[in-house]
Amino acid sequence: MALTEQQAAAKVMVALDKPDAEAALRLAAQLEGAGCWMKVGMELFYAAGPAVVRELKARGFKVFLDLKMHDIPNTVRGGARSITRMGVDLFNVHGAGGVAMMAAAAEGVRDAVEAGDSEASPIVIAVTQLTSTSQTTLNEEIGIAGTVEDAVVRYAKLAKQAGLQGVVASPLEVAAIKGACGESFITVTPGIRPRGADVGDQSRITTPYDAVIGGTDYLVIGRPITAATDPAAALNLILEEMTQA
Ligand code: C5P
């Protein structure tokens with residue numbers, strides 16, 4: 001059944017890749033009430049810290065904290081505790097850290113909730129292969145053999161084994177991930193480009209329409225919205241495209 005605009009908005013995570021809180025909150029103000037999520041990544045978080053996350057939460061947005069943790073399990077567990085206390089709704093770690101590291105992230109969430117530092121448990125997902133990674137980069141630079149899809153599905157299975165709830169991947173890999181890990185295993189997919197938009201540095205991309213058809217749970221969209229002269233209008237066009245799927 002086709003999505004309503006509201007259901008479509010609840011699937012969109014806007015990548016707030018801005019250099020400071022002022023620029024980020026100016027953009028957020030233009031999207032307030034739209035029903036979309038905000039994704040806070042390294043550029044913004046390293047400049048503005050937890051305060052900007054709290055401000056976005058106060059303005060009614062759900063927040064995905066995209067810091068892609070990748071460290072020894074003990075450090076990731078502590079990081080996950082701190083992130084959980086911040087009150088984010090979803091965060092991620094790198095699948096490349098292995099099962100013990102991913103499980104440590106889930107333990108960090110439990111620690112914080114059990115200690116009464118947070119009422120809600122954020123969803124924890126794993127990054128599989130960055131959507132900017134091409135087949136050549138994977139095989140010839142990183143040195144992983146096989147197809148990108150093989151590598152992504154392997155990480156997805158490890159993430160599930162570690163007790164995580166989903167993965168970040170390309171929309172092109174959603175069917176294979178759901179096939180391997182089940183329909184309820186969450187897929188968060190960057191690399192979305194509306195028809196005619198600039199591809200930029202992304203490599204494994206698709207349109208919002210095709211992402212919805214492909215069964216992705218959340219669409220991460222940055223520059224097509226954030227670099228638009230009218231971000232709210234750009235979001236609306238994307239929502240319209242999603243409702244046609
Ligand atoms: O501007 P664009 O739509 O390409 O933004 C995509 C966002 O998704 C960026 O914030 C990028 O860091 C993030 N991301 C990604 N690929 C991943 C994980 C996160 O592009 N695998």
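Reply:
**One aspartate and the ligand surroundings**

Leaving aside residues up to four places away in sequence, Asp89 touches Trp37, Lys57, Phe61, Lys62, Val63, Pro122 and Ile123, where contact means heavy atoms within 4.5 Å. The model is predicted: local features need pLDDT of at least 70, side-chain atom pairs count only at pLDDT 80 or more, and totals for chains, interfaces and linings use all residues. Residues are numbered from 1 along each chain as its sequence is written, and side-chain values use heavy atoms, with hydrogens and water left out.

Asp89 belongs to the loop between helix 4 (73-86) and strand 4 (90-94); helices (H or I, at least four residues) and strands (E, at least two) are DSSP runs, numbered from the N terminus. A polar atom of the Asp89 side chain is 2.8 Å from the backbone nitrogen of Val63. Such a polar contact is a pair of N or O atoms within 3.5 Å; within protein, one must be able to donate a hydrogen and the other to accept it, and residues adjacent in sequence count only if both atoms are side-chain atoms.

Turning to the ligand, 17 residues surround it, the closest being Asp17, Lys39, Arg193, Gly222 and Arg223; a residue is near if one of its heavy atoms lies within 4 Å. Oxygen atoms of the ligand lie 2.7 Å from polar side-chain atoms of Asp17, of Arg193 and of Arg223. On its own the ligand has 470 Å² of accessible area, of which the protein covers 88%, as given by the Shrake-Rupley method with a 1.4 Å probe. The elements that give two or more residues to the shell around the ligand are strand 3 (63-69), strand 8 (218-221) and helix 10 (223-226).

Strand 3 also holds Lys68. Although Lys68 is not a glycine, its phi is positive, at about 45°. Most residues other than glycine have a negative phi.
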